Amino acid sequence: MATVDQREAGQDDPESEDEVYEVVDLTEYARRHQWWSRVFGNNSGPIAEKYSVATQLMMGGVSGWCAGYLFQRVGKIAATAVGGGFLLLQIANHSGYVQVDWKKVEKDVNKAKKHLKKKANKAAPELNTFIEEATDFIKRNIVLSSGFVGGFFLGLAS
């Protein structure tokens, strides 16, 4: 290992030097660097300061249309799967292959409702923080958000 005297004298041995690494706390890094900071740049501020109204509406509208179109397609597939599964269970029930204890189902559903009500009252602080940040982003970028909502509804309709 090279000593301090050898380094000062210019006799460094690169293989023997210890490398210094910085330890990064990923949770703290994620809190400080939100996804929109990576997309729009650090300290980007409102998009209104960077792009014209037409550009903002176009960006929001196109991304909203894509999201709405995908939401519509995935929703139809999910509805078909759930409806088909329910239909098959009903056919199996009426044919005698499956017997359902409806009183037990009702008891379990009521128990689950009570459990969900307890959990819903104790909302996670991360969820509240996310909602506040999303609301702030929407307020700062109202034109982009409006374009997204309009495009989303157009995507659902197509």
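Trainee: Which residue forms a salt bridge with aspartate 108, and how far apart are the closest N and O atoms?
Mentor: The general idea is that side chains of opposite charge can pair when their charged atoms come close. Here, in what is a predicted model, the partner of aspartate 108 is lysine 104, with 3.6 Å between the closest N and O atoms. Both residues belong to helix α5, and their spacing of four residues is about one turn of the helix.

Trainee: How many salt bridges does the count come to?
Mentor: Two. Besides the pair in α5, aspartate 136 forms a salt bridge with arginine 140, where the closest N and O atoms are 3.4 Å apart. Aspartate 136 and arginine 140 are four residues apart in helix α6 (residues 125–140), so about one helical turn separates them. Aspartate 136 has a relative accessible area of 40% and is therefore partly exposed; arginine 140, at 30%, is partly exposed as well.

Trainee: Now the surface. Which residues make the nonpolar patch?
Mentor: Leu89, Tyr97, Val98, Val100, Trp102, Val105 and Val109 make a nonpolar surface patch of about 690 Å². Helix α5 (residues 102–121) gives the largest share of this patch, three residues.

Trainee: Where is valine 109, and why does it count as partly exposed?
Mentor: Valine 109 sits in helix α5. It counts as partly exposed because its relative accessibility is 41%.

Trainee: What should I look at when two helices pack?
Mentor: Two packed helices are described by the angle between their axes and the distance between the axes. Take helix α4 (residues 53–95) and helix α7 (residues 142–157): their axes come within 6 Å and cross at roughly 35 degrees. The crossing of α4 and α7 is right-handed. Sorted by class, the residues in this contact are 13 nonpolar and ten polar, with no charged ones.

Trainee: What percentage of the residues is buried?
Mentor: Of the 158 residues in the chain, 13% are buried.

Technical notes. Residues numbered from 1 in each chain as written. Predicted model: local features only at pLDDT ≥ 70, side-chain atom pairs only at ≥ 80, totals over all residues. Heavy atoms only, no water. Patch = residues over 30% accessible without salt bridge, like charges linked within 9 Å, V, L, I, M, F, W, Y side chains within 5 Å. Areas by Shrake-Rupley, 256 points an atom, 1.4 Å probe, with all protein chains shown as cover. Salt bridge = Lys/Arg side-chain N within 4 Å of Asp/Glu carboxyl O. Helix = DSSP H or I, 4+ residues; strand = E, 2+ residues; numbered from the N terminus. Buried < 20%, exposed > 50% of the residue type's maximum accessible area, 1.4 Å probe, protein only. Axes fitted to C-alpha atoms, helices over the stretch in contact; angles between N-to-C directions. Left-handed = near helix turned anticlockwise from the far one by under 90°. Nonpolar A, V, L, I, M, F, W, Y, C, P; charged D, E, K, R; others polar.
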